[in-house]
Amino acid sequence: LAVRSSGLFEDMILVPFAGAYETYVIPNSHPDPEARLAQLESAVKLVYASLFSERARSRFGATGYALEEERMAVVVQELAGSRRGRWFYPHASGGAQSCNYYPLAYARPEDGICVAALGLGALSPEGGSAFRFCPRYPSLESAPPKRLLEGGQRTFRALDMEDASPDLGLGEGAALADVDLSEAERDPLFGLLASTWDAANDRLVPGVACAGPRVVDFGNILKYEALPFAEAVSMALEIGEKAMRAAVEIEYALNLDDPGGAALYLLQMRPLVRSEEPTDAEMDGAAPEDCFIVSPRSMGNGRDSTVSDI
C-alpha cells in the first residue's frame, strides 16, 4: 500500500506544494491482520506529522502560505506493480511534463518530456538515475549511447515483501531497498526494458539476448513500439492540459504483467509551475569586457531579483 498526502496547497495553480509532504509505502504482508492495521495507522499519522517536517516548514516560509490554513486528507492506494521473488515493484515509474524547457533536435517545447526508471526509483524523493525521452518522438535519442551506459541505472528501488514489520520511524523509505539491476534480469519481461552495450560496434542493442552491460532505456518499447507507452503518456498530457487549461505534470507507473495485461497507472496530475511573463535581455549596449559572463547560447529563462552582488 502507498499512503500519501492530499493537501489543499499541493495542487495550487501558482505555487503547488508537490513533494513537500511524505509518502509511506508498506508491504501489508504481516501474517497478523492487527499488525497490518497498526502499520497503516502509523503511516497515516506520519503523513499528517510531515506537515511539521523541516522540508514542509521551509516550503511554507518560501511560499508565504500559512501552516494553519492548510487542510490535508490522506489517500491510501494499492501500490502499482507485481511481486517478483522478494521484491515488489512496477516495471517503470516516473513523471512527465507537457512543456519541455530544453527540447532536443526537432522536438518543440509543447511536445513535452517524460522521465522513466525501472522500479520505484523515479518516484523517490532522492531522484536517481532515470531515462528521459520525448513522448511525441520516443525514438529521438536524448544522449549518446556511451553516456547512457556511463550514467544509467545500476540499481532499482523496490518494496521488500519479506520485511513484514518495517520501522516506519526511520522515514518514508523504511520499507524500500535499492536492489542491484542483476536481480531484475530474472524477470522474463526485462528484455523489453533494457538494451545491451555492444562494445565491438560501439552501440546499444535493444534486448538482453547477448552478453554485455545492460542499460535501462526501454528500447524495445520506445524505438520498436512493442507497447504504445509513449503514445499513452502523450495522450494523458494532452487531455490533462485541456482539462486544466494550463501545462501539467503527471506521475505514473507502468506494469507489464498485470492480470489484464500491460497497464499504465496515472497516479497524480497537477499544474506545472512556469512563468508566462516574457523576459528580455537588452545587451546591445553592453561592452563584452564589462560583462561577468558572455555566451552566444543559453538554456532556460528565469529571473532572481534577490541577487545584488557577484
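Two strands are taken to pair if DSSP finds at least two bridges between them. Strands (E, at least two residues) and helices (H or I, at least four) are DSSP runs, numbered from the N terminus. The structure is a predicted model, in which local features need pLDDT of at least 70 and side-chain atom pairs count only at pLDDT 80 or more, whereas totals for chains, interfaces and linings use all residues. Residues are numbered from 1 along each chain as its sequence is written, and side-chain values use heavy atoms, with hydrogens and water left out.

Strand β11 (residues 194-198) runs antiparallel to β13 and is joined to β13 by three bridges. Within this pairing, threonine 196 stands opposite arginine 214 of β13. Both strands belong to an open sheet of three strands, ordered β12-β11-β13, with antiparallel pairing. Its edge strands, β12 (203-206) and β13 (214-216), each pair on one side only. On average, neighbouring strands of this sheet are turned by 40° against each other, direction ignored; the axes are lines fitted to C-alpha atoms, and angles run from 0 to 180 degrees between N-to-C directions.

A further antiparallel pairing connects strand β14 (residues 248-258) with β15 through nine bridges. The two strands form a hairpin with two residues between them. Asparagine 255 has alanine 263 in β15 as its bridge partner.

In general, side chains of opposite charge can pair when their charged atoms come close. A salt bridge is defined here as a side-chain nitrogen of Lys or Arg within 4 Å of a carboxyl oxygen of Asp or Glu, and by this rule 18 salt bridges are counted. Arginine 214 forms one with glutamate 185 (3.2 Å, N to O). This pair links distant parts of the chain, since arginine 214 lies in strand β13 and glutamate 185 in the loop between β10 (176-180) and β11, 29 residues apart. Residues are called buried under 20% relative accessible area, exposed over 50%, and partly exposed in between (1.4 Å probe, protein chains only). Arginine 214 is accordingly buried at 15%, while glutamate 185 is partly exposed at 34%.

A second salt bridge joins aspartate 198 and arginine 203 (3.7 Å, N to O). Aspartate 198 is buried, with 19% relative accessibility, and arginine 203 is partly exposed, with 43%. Salt bridges with shared partners also join Arg4, Glu249, Glu251 and Arg270 into one network.
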